[in-house]
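Student: Could you go through a few spots in this fold with me? I'd like to start with a turn and then jump around a bit.

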Amino acid sequence: MSPRNDEAARSLPNLNLEEKRELLKKILEARSAKTNSAFPLSYGQRAIWFLQKLAPETFAYNLAFCPRFRPRLNEAALVQALGGLAERHASLRTIFLDGAGEPLQRVEPPAPVEFQSIGAPSDEAALAAAIIADYQRPFPLSKPLFRVTLFRESESDLLLLTFHHLVLDARSVLILCDDLRVLYEAQLSGAAASLRPVTAQYRDFVSWQNAMLRSAEGDDMWGYWREKLTGILPPLELPSARPRPAVFRLLGQSIGFTIDASGAAQLRSLAQRYNTTFYVVMLSALRVLLYQFTGQRDLVIGSPVSARTRPEWAGVVGYFVNMLPLRTLLRPAVSFATLLEASREDAIAALARQDFPFPVIVERMKLHRDPARTPIFQVMLNVPSSQRQSSQSRVYGATQPGQTFGGSAVEPYEIPQQEGQFELTIEIVESDSGLSGNLKFASDVLDRDMADRMLASLVAILKSAALRPEMPIEELLSLSGRDEIEI
């Protein structure tokens with residue numbers, strides 16, 4: 001605040017209403033000028049920006065949310081609410097620039113959100129194709145990375161909200177959906193929206209992250225990762241019937257799967273028996289699967305975690321995802337239970353250092369960068385924690401029972417998304433009926449038949465491990481897997 005504004009603020013009780021409005025305008029203008037200056041990307045953003053620049057037409061980093069509303073929405077109120085949403089959250093107005101030597105981001109002033117309202121095809125297959133085609137449109141990074149399409153049906157609406165991962169994560173979508181509901185209902189009622197003030201923005205996180213890396217805490221975390229990943233990191237050689245492209249192209253497909261309530265209970269029981277979590281069970285099973293199909297024992301699997309480790313980031317919309325590279329040397333002669341213990345220790349140690357940005361690990365390891373592969377790991381496992389499952393399920397289509405939006409009932413509409421980021425990805429979340437998930441694969445590396453075989457093998461490993469955890473891994477792999485878990 002300038003000295004003049006500071007002096008006026010101290011005499012605030014003596015100002016009339018018009019003078020107070022003028023003072024507030026000047027304060028907001030000064031704050032906007034500071035906020036709208038360009039600033040660096042976080043390290044997670046830099047990694048995505050680099051990959052997006054390599055493949056500018058990719059939609060692998062688009063993230064979408066598409067609920068259906070009955071009855072139809074008030075379009076005018078929706079447009080006003082969307083404008084308020086973008087004004088409230090700076091990340092929705094952020095653009096990315098090629099700075100001198102490094103990329104920069106800048107928050108643009110409030111402006112109308114990119115919005116279109118179109119008639120929805122009456123044929124369900126045509127509707128799904130239209131929604132997917134809209135979601136998959138690439139974003140130019142020089143414009144805000146948020147757009148909205150309202151597909152209007154005779155008695156309902158589908159609202160497609162599409163974002164680029166550079167500006168948000170799954171938790172951010174939950175924040176935005178909750179805020180949008182409040183803003184929309186305020187527009188309908190004519191009342192002021194009751195929302196908590198946004199006290200931090202993403203640029204504050206970027207500043208904190210840079211300071212953390214220069215601290216003793218950052219040095220300690222780097223020491224752990226340097227030791228854990230030292231030596232040769234062999235690239236994963238998944239079985240492929242086709243030549244590997246010279247450049248990893250971020251093209252992929254998904255195969256959905258479920259594990260019924262009985263099977264899910266067996267896996268949870270296995271975790272409890274060995275004082276661990278369902279995530280560790282999945283991590284161990286995935287390690288066995290990769291050994292089965294590649295014969296490799298030195299394995300690195302990536303897992304996403306949230307960098308929202310401080311309370312001030314809880315309500316900030318932005319990209320807070322970090323990747324943990326979990327490395328182990330699998331010994332086929334040991335039991336699955338022994339592997340569980342090793343995986344549990346790996347996960348606990350890694351989580352204690354989760355604030356250290358994965359792209360900095362890649363940079364400091366000075367690895368040879370193969371454009372045909374993602375660095376350090378090529379397989380990802382995503383098992384949201386219990387705190388994140390509500391957020392994750394709502395982002396990917398599920399809704400809470402009885403949820404409403406300005407008087408309209410909300411129904412899920414699932415669309416496959418974020419495919420091809422890695423050669424193989426397993427995503428799995430808990431649901432009322434058991435476990436549901438996706439196996440995502442890079443279609444340049446694996447074909448559908450091989451992906452199907454790998455998924456069937458993963459389920460067979462889980463079946464056998466749940467029933468015979470003390471059996472050596474090499475014997476466990478010889479079992480047929482025709483037990484009690486259904487897919």
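Student: Which two strands form a hairpin with two residues between them?
Tutor: In this predicted model, strands β13 and β14 make that hairpin, and G406, which sits in the turn, has a positive phi of about 60°.

Student: In what sense do β13 and β14 pair, and over how many bridges?
Tutor: Strand β13, covering residues 404-405, pairs with β14 in the antiparallel sense over two bridges, and within that pairing F405 stands opposite S408 of β14.

Student: What other strand pairs with β14?
Tutor: Strand β3, residues 68-70, also pairs with β14 in the antiparallel sense, here over three bridges, and R68 is the residue that stands opposite E411.

Student: And which residues of β14 are on the covered face, and which on the uncovered one?
Tutor: S408 and V410 belong to the covered face of β14, which runs over residues 408-411, while A409 and E411 belong to the uncovered face. In a regular strand the side chains alternate between the two faces of the sheet. Putting this together with the pairings, S408 on the covered face is the residue facing F405, and E411 on the uncovered face is the residue facing R68.

Student: New topic, then. Where are K366 and I376?
Tutor: K366 is in the loop between α12 (358-365) and β12 (379-382), and I376 is found in the loop between α12 and β12 as well. Neither is a glycine, yet phi is positive in each, near 50° for K366 and about 70° for I376.

Student: Is K366 buried or exposed, and what about I376?
Tutor: K366 counts as exposed because its relative accessibility is 73%, above the 50% cut-off, whereas I376 has a relative accessible area of 9% and is therefore buried, the limit for that being under 20%.

Student: Last one, on helix α14: how far apart are its end C-alpha atoms?
Tutor: They are 29 Å apart, which agrees with the 28 Å that the 20 residues of α14 (residues 448-467) should span at 1.5 Å a residue. As 14 of those 20 residues are buried, α14 is largely enclosed by the rest of the structure.

Conventions:
Residues numbered from 1 in each chain as written. Predicted model: local features only at pLDDT ≥ 70, side-chain atom pairs only at ≥ 80, totals over all residues. Heavy atoms only, no water. Buried < 20%, exposed > 50% of the residue type's maximum accessible area, 1.4 Å probe, protein only. Helix = DSSP H or I, 4+ residues; strand = E, 2+ residues; numbered from the N terminus. Pairing = 2+ DSSP bridges. Expected span 1.5 Å × (residues − 1).
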